[in-house]
Amino acid sequence: MTSRIDYSVWDHIEVSDDEDDTHPNIDTPSLFKWRHEARVERMDQFIKAGEDLEKGLAESKRKLTEAQKKTKNLSSSVTDDAKAELSKAQAEEKRLKKEERDWEKKLEDHRREEKKMPWNVDTLCKEGFSKSVMNVKPDVKEETEEQKEQKHKTFVEKYEKEIKHFGMMKRWDDSQKYLSDHPHLVCEETANYLVIMCIDLEVEEKKALMEQVAHQTIVMQFILELAKSLKVDPRGCFRQFFDKIKTADQQYQDAFNDELESFKERVRGRAKIRIERAMKEYEEEERQKRLGPGGLDPAEVYESLPEEMQKCFDEKDIAMLQTVITKLDPTEAKVHMKRCIDSGLWVPNSRADEGDDKEEDATYEELNKEMGEQKIE
């Protein structure tokens, strides 16, 4: 039996999440919101162009009507002047007829182009569905961020295993049957969890699995987009999505695949940022472990030392360090030795531990006497 619903209006759906209702733990207001602003601007420009063409055609028709009236009036006159005016009026009428045809052609081309434009959540037809099985009113109650977070947490704790199972599916029929058996999964919380799952898999370098789950994420997102455009509960329209996608033409498939590729690129970008952040945190933790008693990093202090002092530490040669210190300017030598102590690069003899200031002076002024009793780590 042929469906009474005309799916031709869905030939090219541009998916874009226009509402900032994504779970706060996800670092995207919505999966595809970044495209919405540019798309709306293109639509506005296209609509304005159509309005300008209609105005131009209307003005052309008005001028032609006036020219035809003038020609008709002059036709009844037999004077030489009237005949001359008639000739001019006929020429003007001919020109305006051509101008009208030009406007009509431009407007026709514009309308033809309009039919080819992809549909999206701003343009999808809403009439014709009001009496279908999809007229389930969605929950429009405003929720606080805390409520959203708790709702997401509770949902995942209860249905995590089922969400993961759906994320691993490959066939359209299997996905549709699974959602039919588990309609509670057709919601924003499932989409949000799948996004996080994709990023986790990419971070773990499980790229094939990431791409599979990404496919299911876009499936869920298309369903949610359709529900938003029709202002219905997504549980009431997911079957219509599968009916369409399984019999879709190449352009519709291309639209789906384009969204899928865009999403995977976004996942890779988020995973890269997460890895970089984790590396920075690890490096900072390691740096904190290295800090000496004065809070300085021995690696950074070492890099700041004169090349001759670096060589002393490389070779663990106290006698060489003694020689290098005596050749330096006393103030500069004192600064370098204090930084070495604060970073733990140089550990003073415990006998010199009689106060910070005294230790600093002893480090430099008594270095020659203490060299045999100091150690470099």
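Biologist: Where do I start? How many helices and strands does the protein chain have?

Modeller: Count the elements before anything else. The protein chain holds 14 helices and four strands. Keep in mind that this is a predicted model.

Biologist: What share of the residues is buried?

Modeller: Read burial as a fraction of the chain. Here 39% of the 377 residues count as buried.

Biologist: Take a single residue. Is A82 buried or exposed?

Modeller: Compare its relative accessible area with the cut-off. Buried means under 20%. A82 has 8%, so A82 is buried. A82 sits in helix 2, which spans residues 80–116. Leave out residues up to four places away in sequence, and A82 touches L74 and S77.

Biologist: How should I think about a core?

Modeller: Start from the general idea. In soluble globular proteins, nonpolar side chains tend to be buried together. In this model, the largest nonpolar core has 44 residues. F166, L179, I223, F241 and F242 have the most contacts inside it.

Biologist: Which elements give two or more residues to this core?

Modeller: Helix 3 (145–167), helix 4 (172–181), helix 5 (188–203), helix 6 (207–230), helix 7 (238–246) and helix 8 (250–290) do. Helix 6 gives the most, with 12 residues.

Biologist: What is I223 in contact with, leaving aside neighbours within four places in sequence?

Modeller: I223 is in contact with L179, V186, P234, C237, F238, F241 and F242. Another core lies apart from the largest one. That other core has 16 residues, among them V301, I325, C340 and W346.

Biologist: Now a helix pair. How do the axes of helix 6 and helix 8 cross?

Modeller: Take distance and angle together. The two axes come within 9 Å and cross at roughly 120 degrees. Roughly perpendicular covers 65 to 115 degrees, and roughly antiparallel starts over 145. Helix 6 and helix 8 are therefore oblique to each other. Helix 6 passes helix 8 in a right-handed crossing.

Biologist: Which residues meet there?

Modeller: List each side. Helix 6 brings M210, E211, A214, H215, T217, I218, V219 and F222. They meet Y252, A255, F256, E259, L260, F263, K264, V267 and R268 in helix 8.

Definitions and conventions. Residues numbered from 1 in each chain as written. Predicted model: local features only at pLDDT ≥ 70, side-chain atom pairs only at ≥ 80, totals over all residues. Heavy atoms only, no water. Buried < 20%, exposed > 50% of the residue type's maximum accessible area, 1.4 Å probe, protein only. Contact = heavy atoms within 4.5 Å. Core = buried A, V, L, I, M, F, W, Y, C linked by side-chain atoms within 4.5 Å. Axes fitted to C-alpha atoms, helices over the stretch in contact; angles between N-to-C directions. Parallel < 35°, antiparallel > 145°, perpendicular 65-115°, else oblique. Left-handed = near helix turned anticlockwise from the far one by under 90°.
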